[in-house]
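Please consider the following note on charged side-chain pairs. The numbered points are meant to be read beside the structure.

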Amino acid sequence: MSKDAKARMQKGKILSFVPTGEYYFKKGIKAYHRRDFFKAKKYLGRALQLEPGEPMIACQLAIVSTELGEFEDSNRLLHLILEDLDHEMVECHYFLANNYAHLGFFKDAYHHANLYMELDAGGDFSEDAEELLELLALESDDLADEFFQQDDLIVKQEQARELLESGYFPKAIELLKEVIKDYPEYWSAYNNLALAYFYLGKSEKADAILNDVLKKNPGNLHALCNKMIFAHYQGRTKYVNELFDSLKKVQPLLSEHQFKLGTSFALVGEYEHAYVWLKKLYKNGFDGDGPFYYWLAYSAYFTGREIFAQNVWKKLLEISPDKEGQEPWNTNEQDRANGFEDHSGSIFQKLESDYVEERLFALFLTTVSDKKDEIITSKRLFQNQKFTALEKEYISLIRSGRPSRTADAQEVAELFYENHQPIGTIEAGLYLMWFSVFVEMFKANMQLKNKSAWAGAVEYVWHRLRSEKVSQQEIAQRYGTSSATIGKYVKLVNELLN
């Protein structure tokens, strides 16, 4: 260091600079006026951290979130202002109305727009609120009813998605059929219905639905992606490659389509192309849910971007803590953690299903779960009002080994488990098919003697329904019986299922 520099240090004073909330607020406003919304969000977010009780900062951050299309984040801030920070900041009602209109929740939009007009009829946003109310009503009660029906559509679609992710396939099918009946051109419902049938092993029916969608709505991206995914699970490599070659040329503009394309590519192992679309969404501030971060982490990891994958996985665990143990770098060691059997939340959901076969399936999952003791001693199990005598017998078997008719059903399911684990959404279809057969046998008072034959026959039917090539001889060898016996029991299975 030079003498001059030392002299300057001795003479001068070091002035510390501690930015305040106001400092970042002003920077955020400047960025907002330049329409640099990402920087505006960054600065305003920092300002709110420094002054968490300042409603003006929270409101401006909500407005920026709306500009970025992050309507739910914006609504959270606006409700925070009205409920905790400043209930007299009534313009928040107009902003809420605007957000809810964008989200399709027209009842809520109508409520907040009306509330704003009541509280501040001559306010800065009164003309905008009036226009919004006119748009919502369109001077027609019929159309207003249609808006309210759309609320119902969104709720039902979300319920169906949750049912699919939790393995409630029959219930999802029932709900999606209802949606399609009311909204015959709502293609998303058709695509989800195809997924539900495919997971149940009814691949021909699933494929027919997708073909119908593509006939009525040519080029439907979700249907094309689902066809590629189905073909991947069926081992139809050539067809997967054909669809992939077509889909990789698609350049979707909508974030929803980019997400579908990225996750579909990841699911079939085309991680490089998956990473391109998912990282693009990430850079653009896409407000993704658990599956988004899950597949982004996987595609990043399997394309050599390990540090980024680890950072993304941390975000995923904040949203979905139950994914711990399913890291892409632990796939070999933790394969079993990918199954329903090791997620007590999923098992409890199935135990509360409206369908007896799903409740029986959940009880089997309990027997092979690492969390068996937690489930079998829980209050939630004791308080379940949906159990019939059959499930109660099964619970007694699990707790004390007391002999019952369900012991035979358990043994058949255990035969499946030797070859089909962990139990994911695809494998679940096999077990659900078996418990559906068992329920029908129970109703008909049929005896379950040759367990290997029943297991082999159910698996053969399951493969055939999924359009998977398998011979009765191959199945017979797996279960230690003859192909003639398998053929005999296949007829019984088909009779019980029809």
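1. Lysine 41 and glutamate 70 form a salt bridge, with 2.9 Å between the closest N and O atoms; the term denotes a side-chain nitrogen of Lys or Arg within 4 Å of a carboxyl oxygen of Asp or Glu. Lysine 41 belongs to helix H3 (residues 37-50) and glutamate 70 to the loop between helix H4 (55-67) and helix H5 (71-85), so the pair ties together parts that are 29 residues apart in sequence. Helices are DSSP runs of H or I with at least four residues, numbered from the N terminus. Glutamate 70 is buried at 6% relative accessible area, whereas lysine 41 is partly exposed at 31%. Buried means under 20% relative accessible area, exposed over 50%, and partly exposed in between (1.4 Å probe, protein chains only).

2. The model is predicted: local features need pLDDT of at least 70, side-chain atom pairs count only at pLDDT 80 or more, and totals for chains, interfaces and linings use all residues. Residues are numbered from 1 along each chain as its sequence is written, and side-chain values use heavy atoms, leaving out hydrogens and water.

3. A further salt bridge joins glutamate 272 to arginine 305, whose closest N and O atoms are 3.5 Å apart. Glutamate 272 lies in helix H16 (residues 271-283) and arginine 305 in the loop between helix H17 (290-301) and helix H18 (306-319), so parts 33 residues apart in sequence are tied together. Glutamate 272 is partly exposed at 43% relative accessibility, and arginine 305 is partly exposed at 29%.

4. How many salt bridges are there by this rule? The count comes to 16.

How values were computed: Helices (H or I, at least four residues) and strands (E, at least two) are DSSP runs, numbered from the N terminus.
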